[in-house]
Each structure stands twice: as C-alpha cells, then as structure tokens.
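Good morning, everyone. Please have a look at the structure on the screen. I will walk through helix packing, cores and rings.

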Amino acid sequence: MDSRFRSLVVAHAVSAYGTYLNLIALSLFSYEVTGSALGVGAVMAVRLLSGVMAGLTAGAVTARLTRRTVMVATDLAQTLAMVVLALWASRTPLWALLGAVVVLGAGNTFFSVALRSAVPVMVGQDDRARANGVLVTARSVATVLGFASAAPVISLGGFGVAFGVNAASFAVSAAAVLLLRPRTDSGGAGDTGGDACLAEDGEDGFSPGRGGRLRRRVAGLAGPLLALIALRGLDALASASHNVALPLAAHAAEPSDPAVFMARFWAAWAVGTLLAHQVLKRRSHGTSWGERAFAVGTCAMSLCFVAAFTGPPAPALIAAAVAAGFADGWTEIVYTSRLQAAPDRQRGRLFGLSATAEQSGFALGTIAAAAALEALPALAVVGVFHGAAACGALLLLLLTVRRRDARRGRDHSDRSSTDGESDRSSTSGEKGEHTHGTSTGARPLPGP
C-alpha cells in the first residue's frame with residue numbers, strides 16, 4: 001500500500017471521527033428540536049431509512065458514475081448539510097433537521113459502498129485484506145475518539161461547534177479524494193476479480209451458450225454470497241441490541257459516572273479491532289478466507305458481547321470487550337475481503353445489497369431491542385439477539401461444510417472417470433503392441 005492510500009485512510013478516519021461525534025450531538029439536538037423521545041426515534045428512523053433506500057440504488061449509481069465522483073459528491077453534500085445545521089443551531093426547523101439526516105444517511109451509504117468496492121482497484125486483489133484491516137483500525141480509533149470527545153465539545157461550544165467540526169471532517173475527506181485522485185475504477189472489462197469469478201466471457205461474466213452448466217456455476221456463487229450478506233444483516237440486528245443496552249449497563253455498573261464505563265468499554269473494543277488487523281495481515285491466506293472464517297468470527301463476537309453483560313468484574317469486562325473487538329474486526333475484514341473478490345462490475349451491487357441488509361438489520365434491531373428492554377433485563381435481550389446471530393452463523397457454517405464435501409465428492413468422481421479412461425487407453429495400447437509388434441503397427445524384424 002502506497003502513501004496515497006494511507007493518506008486517504010487518514011482522511012477517512014477524520015471523517016469517521018466527525019460522524020461518530022455527530023451521532024451523539026445529533027441525538028441530543030433532535031430531542032431539543034422535537035421535544036420528545038418519540039421525535040428522537042423518528043429522526044433516527046428517517047436517517048436509517050434513507051440509508052436503506054440508498055443501498056438499493058448505490059450499485060447502479062457507482063456503476064453509472066465513477067466511484068471517486070460518488071465519494072466527493074457525498075462528502076460535499078454532507079458538508080453542506082452540517083453547515084446549515086451549524087449556522088441555524090437552535091433555530092433549526094424540523095423540516096431542515098429531517099432534510100439533513102436524509103443527506104447524512106444516504107451519503108454515508110453511498111460513500112461506504114464506493115470506498116469498499118474501490119479498495120481492490122486501489123491496492124490490488126492481493127493486498128485487499130491488509131487494506132481493509134487498515135480501514136477498520138482507523139475507523140475503530142475514530143469511533144472511540146468521536147464518542148469520547150462528544151461531551152466536552154458540546155458542553156464547551158454547543159451544538160453549532162459540534163456540527164461545524166463534523167462539516168470540517170467531511171470537507172477534509174472530500175479534499176483528500178480530490179487532491180490524491182486515487183484510482184477507484186478499473187480501466188477495462190478485464191477485471192474479473194479473484195476468488196469469486198463467475199465466468200470468463202460474455203456480458204457481466206455470462207455466456208449465453210453454456211446453458212445448464214452456467215446456471216450451476218451462478219447458483220454455486222450466488223448462494224454463499226447471499227447467505228453471507230443475510231448473516232451480516234442478522235449480525236447488525238444483534239449489534240443494535242448491545243448498542244441500545246450498553247447505556248443501561250453503564251448506569252447499573254457505575255451510576256455516578258456511566259460515561260467512564262462506556263469510554264473504557266469502547267476503548268478496549270478498539271484495541272481488539274487493532275489486534276485483529278495485526279493478526280490477519282500476517283496470515284498468508286487471508287485474502288482467500290470466506291464463509292467459514294466469517295461464521296466462526298460471528299459466533300465468537302456474539303459470545304463475547306453476551307459475556308460483557310453478565311456483570312463481570314472490571315478486568316474481565318475489559319477482556320470481554322477486547323475479545324469482542326477482535327472478533328468484530330476479524331469479521332469486518334474477512335467479510336469485506338470476500339465481497340471484494342467478486343468481479344469489479346458486480347462489487348457495487350454486492351456492497352449496495354450489503355448496506356441495505358446492514359441498515360435494515362440495525363434499524364429493526366434498535367426498535368425491537370428498545371421495546372424489549374422495557375420489560376426484560378439487558379442480559380436477556382442481548383443474549384436473545386446475539387443468540388440468533390450465533391445460530392445463523394452455525395447454519396452458514398453447516399451449509400459451507402456440506403457444500404465443500406459435495407464439491408470434493410464431485411472432484412473424486414471426475415478423477416475416477418478420468419483414471420478409468422486412462423486405464424482403458426493404456427490397455428488398448430498394450431493390445432495393439434502385442435498384436436502388431438510395435439505401437440506403430442509395423443511387423444517385428446526377423447531374428448533369433
């Protein structure tokens with residue numbers, strides 16, 4: 001990875017810092033504008049819904065435009081939205097707030113789809129796992145810093161300063177993409193990806209003359225990828241439960257200063273994601289890992305988050321948070337690298353579908369977990385949600401093992417038939433030599 005990509009990662013981390021700072025600021029500001037918890041939930045729902053709708057069209061938009069254009073346009077649009085909120089501050093009408101959250105929700109999805117699908121073009125297929133690890137690490141650190149600095153920024157400067165900081169972070173990201181001009185789109189149709197190549201000829205990798213064999217190949221690819229994306233959506237639903245329940249656990253564990261509890265937890269989580277990148281970048285086969293590695297990581301992540309809500313002592317809580325962060329970083333890197341192995345023209349659609357599944361799962365999980373926490377303890381809610389994710393991961397793991405065994409059976413059958421044909425050819429050749437004396441059919445020379 002060259003300095004251009006690393007500079008882009010730094011700019012993206014600055015943008016992510018502003019985004020996570022703004023998550024807290026915007027939630028508090030929404031309550032100030034609407035005056036009710038229902039209003040805050042409605043604003044959050046509008047933001048998530050705009051992200052879901054953007055995911056449905058992100059693939060087509062990134063295919064029609066260049067990915068670099070999409071990244072710059074979405075950053076500038078989000079910059080403008082936050083400048084409007086920063087200038088109006090407490091005088092912001094509800095319609096302006098809703099318009100801003102629509103731009104933020106859709107812009108974040110468009111940018112994420114464009115960036116994640118462009119990584120193999122920027123760094124090459126062989127280095128995509130390491131590049132994803134760098135991105136995950138940078139975003140994790142930005143998450144912790146954004147959450148930790150939200151309270152002092154808002155208390156010292158108010159919502160206007162918080163929104164201004166977020167606007168500046170988006171501007172930094174847009175300027176970096178414009179100045180660095182990274183190569184985000186393949187120059188021709190020859191890019192067919194790595195592990196997930198569909199076919200070798202024809203439009204979109206399809207050849208009309210292959211019939212049943214083509215359909216079998218497409219089904220063999222689409223099934224695992226769709227199952228992977230479905231599990232990602234279920235994972236997002238489970239993650240919503242611990243995000244909603246963590247403030248309750250913080251108040252129960254440290255009622256005098258719950259912010260310290262949350263900062264400690266998320267800092268340990270960020271350390272875990274950093275360790276995941278350090279481990280994965282040293283693995284020689286990291287770019288070829290797929291469904292099994294993702295399923296195992298999802299199971300481990302669910303178990304660690306559930307363990308964190310059992311009320312352990314502080315050292316055990318830190319260990320659980322670090323392990324959860326490690327599994328979270330592991331699954332993010334493996335999942336993104338697996339989807340990036342698809343042909344270039346399909347990556348945008350895959351990541352658009354993935355964004356829709358993730359946003360939908362998180363939205364549904366937020367609503368369901370908030371409702372369940374009214375009647376059930378945090379441990380029960382987190383256990384049920386993450387238990388569902390673990391069951392989905394085990395099902396994917398079972399399907400992957402069965403598919404691998406079936407493939408081995410077909411390969412063994414093909415080798416057996418090939419060996420049989422070779423034996424018959426060899427036997428036929430020996431008979432010819434015995435009958436005619438030589439393999440060319442010539443008569444043997446006379447002699448003793």
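**Rings, cores and a helix pair**

Let me start with one residue. Phe305 counts as buried, because its relative accessibility is 0%. Keep in mind that this is a predicted model.

What does Phe305 pair with? Its ring partner is Phe265. The two ring centres are 6.4 Å apart and the planes sit at 40 degrees, so this pair is tilted. Phe265 is buried too, because its relative accessible area is 3%. Where are the two in the chain? Phe265 belongs to helix H7, residues 258–280. Phe305 belongs to helix H8, residues 291–308.

Ring pairs join Phe265 and Phe305 with Tyr20, Phe147, Trp266 and Trp269. Across the model, the count is 11 aromatic pairs.

Here is another of them. Phe159 and Phe163 have ring centres 6.3 Å apart. Their planes are at 25 degrees, and the cut-off for stacked is under 30 degrees, so the pair is stacked. Both residues lie in helix H5. They are 4 residues apart, about one turn of the helix. Buried or exposed? Phe159 and Phe163 are both buried.

Now stay with helix H5. It covers residues 128–180, and it packs with helix H1, residues 3–34. The angle is about 30 degrees, and the axes are 6 Å apart. Why call them roughly parallel? Because angles under 35 degrees count as roughly parallel, H1 is roughly parallel to H5. What kinds of residues make up the contact of H1 with H5? There are 35 nonpolar, 12 polar and 4 charged residues.

On to the cores. The largest nonpolar core has 47 residues. Which members touch the most others? Those are Phe5, Met122, Phe294 and Leu339. Helix H4, residues 94–123, gives the most to this core, with 10 residues.

Take Phe294 as an example. Leaving out residues up to four places away in sequence, Phe294 touches Leu228, Leu231, Arg232, Thr331, Val334, Tyr335 and Leu396.

There is also a second, separate core, with 30 residues. Among its members are Val144, Leu237, Met301 and Phe305. That brings us back to the residue we started with, Phe305, which is buried at 0% relative accessibility.

Conventions: Residues are numbered from 1 along each chain as its sequence is written. This is a predicted model: local features need pLDDT of at least 70, side-chain atom pairs count only at pLDDT 80 or more; totals for chains, interfaces and linings use all residues. Side-chain values use heavy atoms; hydrogens and water are left out. Axes are lines fitted to C-alpha atoms, for helices over the stretch in contact, and angles run from 0 to 180 degrees between N-to-C directions. Helices (H or I, at least four residues) and strands (E, at least two) are DSSP runs, numbered from the N terminus. Angles under 35 degrees count as roughly parallel, over 145 as roughly antiparallel, 65 to 115 as roughly perpendicular and the rest as oblique. Ala, Val, Leu, Ile, Met, Phe, Trp, Tyr, Cys and Pro count as nonpolar, Asp, Glu, Lys and Arg as charged, and the others, Gly among them, as polar. A nonpolar core is a set of buried Ala, Val, Leu, Ile, Met, Phe, Trp, Tyr and Cys residues joined through side-chain atoms within 4.5 Å. Buried means under 20% relative accessible area, exposed over 50%, partly exposed in between (1.4 Å probe, protein chains only). Contact means heavy atoms within 4.5 Å. Rings of Phe, Tyr and Trp (its six-membered ring) pair if their centres lie within 6.5 Å; planes under 30 degrees apart count as stacked, over 60 as edge-to-face and the rest as tilted.
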